[in-house]
Amino acid sequence: MTESFGTTKKGEKCQLFRLRNQKGMEAHITDYGATVVRLYVPDREGDLVDVVLGYEDAAGYEKGTISFGGLVGRVANRIRKGRFELNGKEYHLTANAQGNTLHGGRDFYNQRKWETLEAGEDHVAFELYSPDGDQGFPGGVTIRVTYTLTDAGELAIHYEARPEADTLLNVTNHSYFNLGGHDSGSVEDQWVQILADSFTVTDEDSIPTGEIRAVEGTPMDLRQGKRIGEEIGAEYPALVMARGYDHNFVLNGTGLRTVARMYAEKTGIAMEVDTDLPGVQFYTANYIEAEPGKEGKVYGKRSGACFETQYFPDAVNHPEFATPLAKGGQLWESRTVYRFSQGMFREV
């Protein structure tokens, strides 16, 4: 099902696509920013709960600065001082975060209208052409994202791109999840598990220093699962500096595997996160303040949690990190899956 989602300041008419599976789940996704607007999941009683934060229409996303549900790139997360070298040439990007580049710099992918390639009852595919020099990055690239709502309770995301020249690619989805419902307040009483033995240490601007530190014996150890709020206020430098969790975790394993889980006792809804990438940015909405959202809801601090699957922040400037380099003429692709069920998250 397709419906109007409003008009941008440029006069672009945007659409909202409603996907549905046999379990009654629904995903509402717009061509503005290839954005997940609503995600309805059955709770333990079988009632549908919208578990993502968002805005009411395209104008809300055009005005918003939180990246709710959108596709961010060309390189998600941060690049130090907005500069990097590739094939012997230095490139300079737009600085938009304490002198650094965040989520590609200005003119975000999640604030552009994407072309709709195909849409069905259970899937929708969008495409965006980013020309050579866009945001300062080299090489034109056509990026495609396909969202599929499966009967297994999954919102599966498949990213594909074929750059015209060597470039960087690290696109991700920036949904804020609240398994108690988007309008239920803080997620601090919800459970999280991240299967990572270490995390990347950052400086005061959230740029990795290069150190990879073990989570063992620290509040960053989420391997066994704990309430999000259990140690979020601990006097641990990494948490104090970020005002909570806003860190890249070095994920265990390789290939497409389960890397994180979340659970809300209030609704009985559980979520698992699968990715084929080496890292995930776990962010607990530490900087949201009085943000007007859907259905008249005003979102506050820690009203959602993000699991941004990714290459490590500033990886292009750290040879020791896995590279986000995408070779010209070659297919680049990645997959992320958000899987929903009822009941406390299961063991691996």
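Which residues does Asp274 touch, not counting residues up to four places away in sequence? In this predicted model, Asp274 touches Leu256, Arg257, Thr258, Arg335, Thr336, Val337 and Arg339, with residues up to four places away in sequence left out of the list.

Asp274 is found in strand β23, which covers residues 269–275. Its relative accessible area is 8%, and because buried means under 20% relative accessible area, Asp274 counts as buried. Thr258, one of the residues that Asp274 touches, also takes part in a polar contact, in which the side chain of Asp274 and the side chain of Thr258 are 2.8 Å apart.

Strands of a sheet pair through backbone hydrogen bonds, either parallel or antiparallel.

The pairing can be followed down to single residues. β1 is joined by four bridges to strand β2 (residues 13–20), and the two run antiparallel; within β2, Phe17 is the bridge partner of Thr2.

## A sheet that ends with β27

Among the residues involved is Phe282, whose bridge partner in β27 is Phe307.

In soluble globular proteins, nonpolar side chains tend to be buried together. In this model the largest nonpolar core has 65 residues, and those with the most contacts inside it are Leu39, Tyr147, Ile194, Phe249, Phe282, Phe307 and Phe340. Strand β13 (residues 141–149) gives the most to this core, contributing five residues.

When its neighbours within four places in sequence are left aside, Phe249 is in contact with Ile194, Ala196, Ser198, Phe199, Val215, Met220, Leu222, Pro278, Gly279, Val280 and Phe282. There is also a second, separate core of 17 residues, which includes Phe5, Leu16, Tyr176 and Ala285.

## Two buried loop residues

Gly304 is found in the loop between β26 (298–299) and β27, and with 0% relative accessibility it counts as buried. Not counting residues up to four places away in sequence, Gly304 touches Leu53, Tyr176, Phe177, Val187, Tyr283, Thr284 and Ala285. The C-alpha atoms of Gly304 and Leu179 are separated by 8.6 Å, although these residues are 125 residues apart along the chain.

Pro324 has its place in the loop between β27 (306–310) and β28 (325–326), and at 4% relative accessibility Pro324 is likewise counted as buried. Its contacts, leaving aside neighbours within four places in sequence, are Thr167, Leu168, Leu169, Asn170, Tyr311, Ala315 and Val316. Pro324 and Glu85 are 239 residues apart along the chain, while their C-alpha atoms are separated by 13 Å.

Methods:
Residues numbered from 1 in each chain as written. Predicted model: local features only at pLDDT ≥ 70, side-chain atom pairs only at ≥ 80, totals over all residues. Heavy atoms only, no water. Pairing = 2+ DSSP bridges. Core = buried A, V, L, I, M, F, W, Y, C linked by side-chain atoms within 4.5 Å. Buried < 20%, exposed > 50% of the residue type's maximum accessible area, 1.4 Å probe, protein only. Contact = heavy atoms within 4.5 Å. Polar contact = N/O pair within 3.5 Å; in protein donor to acceptor, adjacent residues only side chain to side chain.
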